[in-house]
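Me: Let's read this structure together, one feature at a time. Please give me the general idea, then the case at hand.

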Amino acid sequence: MKKRRVGVLISGNGSNLQALIDACAAADYPAQIVLVISNKPDAYGLVRAKNAGIPAHIVNHKDYASREEFDIAMNVLLNKYEAEFVCLAGFMRILSAGFVDAWQGRMLNIHPSLLPDFKGGHAVRDALAAGAKETGCSVHLVTEEMDAGEVIAQAKISILTDDSEEKLHQRIHEQEHLLYPQALKILINNN
Ligand code: GRF
């Protein structure tokens, strides 16, 4: 089996990146991570990439005059490593239309809610504040509208009466780590 080439974009801890790294270690998993890009120089995910022997690059958005130029710099790297798919894993920048277009149908994001519920940057807090009985996580194709692309896979989680944002996000993370490798596999098998 020829493993398909995946680039992962991160901004932080990278626990979902780790889940993808671990899945890719299996001989029968259809992907390999060929590079990791972080827009944050101190993201712990860069250490995870290096520990796994994966090329890790910092593309600091602060070094670019515009969103477009930042995205072009990332695309140059993705093309250099011949990435075929992109996974956003806790990547905290909005992408330009040109970048989204270039990866249409081949770029995934993971979001900590049952989309279309609770889009945006505070999904776990918002689910708690709304008094929802359940929430979860979603892996979806990235389109120009934030958190709005086709959902590839979802996992549900009950919200407990004594949940804090931290405890709930912890349980969501556990499901995310199972879901993201499954969703990437589905995308690859459909391509
Ligand atoms: C995850 O909860 C993901 O859903 C959201 O950002 C978080 C990233 O966590 N987009 P990590 O960096 O993968 O640990």
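**Pocket, ligand and rings**

Reply: Helix α6 gives the largest share of the lining of the largest pocket, four residues. Helices are DSSP runs of H or I with at least four residues, strands are E runs of at least two, and both are numbered from the N terminus. This is a predicted model, in which local features need pLDDT of at least 70 and side-chain atom pairs count only at pLDDT 80 or more, while totals for chains, interfaces and linings use all residues. Residues are numbered from 1 along each chain as its sequence is written, and side-chain values use heavy atoms, with hydrogens and water left out.

Me: Which elements give two or more residues to the lining of the largest pocket?

Reply: A pocket is an open set of points on a 1 Å grid over the protein atoms alone, where a 1.4 Å probe fits, with protein on both sides within 12 Å along at least five of seven lines; lining residues have an atom within 4 Å of a point. Here 35 residues line the largest pocket, and Gly 90, Phe 91, Met 92, Asn 109 and Ile 110 lie nearest its centre. The elements are α1 (15-24), β5 (107-111), α5 (123-129) and α6 (165-189).

Me: Which residues are around the ligand?

Reply: A residue is near a molecule if one of its heavy atoms lies within 4 Å of it. Among them here are Asn 13, Gly 90, Ile 110, His 169 and Glu 176. A side-chain N or O atom of Glu 176 is 2.4 Å from a ligand oxygen atom. For His 169, a side-chain N or O atom is 2.9 Å from an oxygen atom of the ligand. Pro 112 uses a backbone N or O atom, 3.5 Å from a ligand oxygen.

Me: How many aromatic pairs are there?

Reply: A pair of aromatic rings is described by the distance of the centres and the angle of the planes. Rings of Phe, Tyr and Trp (its six-membered ring) pair if their centres lie within 6.5 Å; planes under 30 degrees apart are stacked, over 60 edge-to-face, the rest tilted. The count is two. Tyr 64 and Phe 70 have ring centres 6.1 Å apart and planes at 55 degrees, so this pair is tilted. Phe 70 and Phe 91 have centres 6.5 Å apart and planes at 10 degrees, so that pair is stacked.

Me: Why does the pair of Phe 70 and Phe 91 tie together parts that are apart in sequence?

Reply: Phe 70 lies in helix α3 (residues 67-80) and Phe 91 in the loop between β4 (85-88) and α4 (97-102), so the pair ties together parts 21 residues apart in sequence.

Definitions and conventions:
Polar contact = N/O pair within 3.5 Å; in protein donor to acceptor, adjacent residues only side chain to side chain.
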